[in-house]
Amino acid sequence: MILALDGEFGLTNSTSAEAIERGILTAIDDINRQGGVLGGRPLTLITREHRSISARGIKNIRELATIPELVAVFGGRYSPVVIEELPILQQTRTLFLAPWSSADGIIDNGMKPNYIFRLSLRDGLAMPFLLTRAADRGLTRIGLLLTNTAWGRSNLEAANRHLAGRDSPRIVATAWYNWRDRSLIEKYEELEAAGAQAILLVANDDEAAVLVREVAALPTGRRLPILSHWGVTGGDFVGQAGPALQNVDFTVIQTVSPFLIPPERLAPVLETAGRLFGIHRPEDIVSPVGFLHAYDLTRILALAIDRAGTTDRAAVRDALEQVGPYRGVIRDFERPFAPGRHEALGPQDLLMARFRADGVLVPVE
């Protein structure tokens, strides 16, 4: 019985696809040692790489959809790739599980029935949370620094929806950058000149590291606080940013921290992950949201397969809307999904985190 992961393997500095893969494999090992699904059938995982290129992702989905034993495909970090894959997923009625990508349109896709399920952040939750956290700190004039992709546009729409009818906080300016830009300081200075007290950043690790190094080189009084979306945690952001990171007020949104999970709940997962991957402590979990989301999403999928009594994708899709309660590693879910609600997480699951000097991501007090 086959599960698949279509992720950004092979992308320089990226750690997200590997984190998701490890979460799935850790869950599969636990499930198979407990008897598998459907009375003893083991789960297996196959992977495909798209390197953040939509055309490769589309090709992968077309190929994976033809595999008779395939139950579901897990996606990776990059929302623009998943957005481009949606028509093929709909056409082939391929069950797709999102443990990272956050663009609202991934779930709000118009499919009837909807074959996409997400246990992850969505931009419609992220931007209100980031704006509120900034305002809580007295930072009410916000500059948006956004990637010029479907992900960036999703976040702008979410911010505008949240701020409609509100006087504070307010967006003083929005600047756009392109993927792989080698400098973001001019965009930053545009927002600074517009009167921004803080920057809300939507970026992945490469561009965010460039910005942090450039901001750290400014005089102390010009280093604005940066509140970041979580794409930065999907790669070697700390290594690329270097010592500059400790000279910038940089926080990032998360949905879970292994440091906040009760030890007795995390211990069985670490026992399996330690045996498979040498992950023995919370500090060892690289890109923790990818690992932990993928683990719980795989366990929920296994419950849906058993509930459906078959590997038929349509039947498993229907069963996913009925599964529960589920005692997860992230938290307990009375019902992760339901008809008309394919998002497992909500506003109560959000927190801010900061990188320690040793590079470990820890919750902000």
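Predicted model: local features only at pLDDT ≥ 70, side-chain atom pairs only at ≥ 80, totals over all residues.

Biologist: Which phi does Ser 52 have?

Modeller: Near 70°, again a positive value in a residue other than glycine. Ser 52 is in the loop between strand S2 (44–49) and helix H2 (54–64).

Biologist: Why is Ser 52 called buried?

Modeller: Ser 52 has a relative accessible area of 15%, and the cut-off for buried is under 20%, so the label holds. For the whole protein chain, buried residues make up 58% of the 365 residues.

Biologist: How do you know that the peptide bond from Lys 112 to Pro 113 is cis?

Modeller: Look at omega, which is near -5° there. Pro 113 is in the loop between strand S4 (96–98) and strand S5 (116–118). A cis peptide bond also joins Ser 168 and Pro 169, with omega about -5°. That proline, Pro 169, lies in the loop between helix H5 (150–163) and strand S7 (170–177).

Biologist: Zooming out, how many helices and strands does the protein chain have?

Modeller: Eleven helices and 14 strands.

Biologist: What makes the protein chain as compact as a globular protein of that length?

Modeller: The radius of gyration is 20 Å, close to the 21 Å that the globule rule gives for 365 residues, so the chain counts as that compact. Along its principal axes, the C-alpha trace spans about 65 × 40 × 35 Å.

Biologist: What about contacts between residues at least 6 apart in sequence?

Modeller: Of those, 72% join residues at least 24 apart.

Biologist: Where does the "Leucine-binding protein" domain label come from?

Modeller: From a UniProt annotation in an unreviewed entry, covering residues 14–332. That span is 44% helix and 15% strand, and its end C-alpha atoms lie 30 Å apart.

Biologist: How far apart are the mean positions of the positive and negative charges?

Modeller: They are 2 Å apart, for 39 positive and 43 negative charges.

Definitions and conventions:
Residues numbered from 1 in each chain as written. Heavy atoms only, no water. Helix = DSSP H or I, 4+ residues; strand = E, 2+ residues; numbered from the N terminus. Rg over C-alpha atoms; globule rule 2.2 N^0.38 Å. Buried < 20%, exposed > 50% of the residue type's maximum accessible area, 1.4 Å probe, protein only. Contact = heavy atoms within 4.5 Å. Lys, Arg positive; Asp, Glu negative; His and termini not counted. Charge placed at Lys NZ, Arg CZ, Asp CG, Glu CD. UniProt positions renumbered as here; feature names shortened; annotations may be inferred.
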